[in-house]
Amino acid sequence: MSRPAPTLGNPQNTIEILNKYKFVFQKKYGQNFLIDSHVLEKIIRAAQITEDDFVVEIGPGIGTMTQYLAASARGVAAIEIDRALIPILQDTLSAYDNVTVMNEDVMKVDLKKLAEEMNGGKPVKIVANLPYYITTPIIMGLFENHVPAKSITVMVQKEVADRMQVGPGTKDYGALSLAVQYYAEPEIVANVPPNCFMPRPNVGSAVIRLSVYEEPPVKVKDEKLLFAIIRASFNQRRKTLQNGLGHVPELGIPKEMTVQILEEMGLPASVRGEALTLEQFAGFANRAASLKEQS
């Protein structure tokens, strides 16, 4: 079935819609709308949207990318927090019968249930132009709640995209890098300059595709413990691992235990979290879990 070609994605049409509805940008929602059709086409290609796919779009704005998604996918659920955008979306998406607009905060939506109801429990594809201030909580929420997703293709601040794909020993490496790489394979597919948005952000952006693993690349006994260890070891980057973990009593990993585990792993007692690979963190967490069980 053929659907109309997108009309948004250029500055004139975007301005026209914003003026028609006297829309006021909300700083608290970090709104920056895409006004570049080449970038939009790149995102659709990167997300590998086909007519078999059901897409969840987070933060559709005025529906620019939603039109592109709706033209390619079987169905789209667009989740928008700003009530002022709902009448605009009903207008810009009126030609597409395969879009459901939801006026919700994505952090409060049960996306597992949504996939169940709208896609028969099969994995969805997630696409978003994410506000910078909430990128990490949204991505972590998708992973930690095990939302059934084939891939997550998101526009984020350039430095956040870099952080998601770097390895140990670099200054950008941290809890986000490890979490993303535990759940998915990250790949930056496009760099996007500020002039592709309205209003223009102060920083460059990038589109990153996270291809979600069916099984994580490392085996852990206790996923929650793994991530608690990772978070604690990056909370104060300058600290050694034994001090970082020792300062979080609820972890139940005293310094002696950390030193013992590091010794077993052939690592120096003075090692910092930022030097450990995902495999090493998993090995550490598994040993810690065993020692805690014995004590």
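A residue counts as buried when its relative accessible area is under 20%. Keep that cut-off in mind for this tour, and remember that the model on your screen is predicted.

**Stop 1: threonine 66**

Select threonine 66, which sits in helix α3, residues 64-72. Is threonine 66 buried or exposed? Its relative accessibility is 0%, so threonine 66 counts as buried. Now show what surrounds this side chain. Leaving aside neighbours within four places in sequence, threonine 66 is in contact with Glu57, Pro60, Val76, Ala78, Leu93 and Val99.

**Stop 2**

**Stop 2: helices α7 and α8**

Two packed helices are described by the angle between their axes and the distance between the axes. Select helix α7 (residues 158-165) and helix α8 (residues 175-183). They pack at an angle of about 60 degrees, and their axes are 7 Å apart. That angle makes α7 oblique to α8. The crossing of α7 past α8 is right-handed. Show the side chains where they meet: Val160, Arg163, Met164 and Gln165 come from α7, while Leu176, Ser177, Val180 and Gln181 come from α8. Sorted by class, this contact has four nonpolar, three polar and one charged residues.

**Stop 3: helices α9 and α12**

For the last stop, select helix α9 (residues 223-235) together with helix α12 (residues 278-294). Here the packing angle is about 115 degrees and the axes lie 9 Å apart. As a result, α9 is roughly perpendicular to α12. Again you are looking at a right-handed crossing, with α9 passing α12. From α9, display Leu225, Leu226, Ile229, Ile230, Ser233 and Phe234; they meet Phe281, Ala282, Phe284, Ala285, Ala288, Ala289 and Lys292 of α12. Which classes do these residues fall into? The contact of α9 with α12 divides into 11 nonpolar, one polar and one charged.

Methods
Residues are numbered from 1 along each chain as its sequence is written. This is a predicted model: local features need pLDDT of at least 70, side-chain atom pairs count only at pLDDT 80 or more; totals for chains, interfaces and linings use all residues. Side-chain values use heavy atoms; hydrogens and water are left out. Axes are lines fitted to C-alpha atoms, for helices over the stretch in contact, and angles run from 0 to 180 degrees between N-to-C directions. Helices (H or I, at least four residues) and strands (E, at least two) are DSSP runs, numbered from the N terminus. Angles under 35 degrees count as roughly parallel, over 145 as roughly antiparallel, 65 to 115 as roughly perpendicular and the rest as oblique. A crossing is left-handed if the near helix is turned anticlockwise from the far one by less than a right angle, and right-handed if clockwise. Contact means heavy atoms within 4.5 Å. Ala, Val, Leu, Ile, Met, Phe, Trp, Tyr, Cys and Pro count as nonpolar, Asp, Glu, Lys and Arg as charged, and the others, Gly among them, as polar. Buried means under 20% relative accessible area, exposed over 50%, partly exposed in between (1.4 Å probe, protein chains only).
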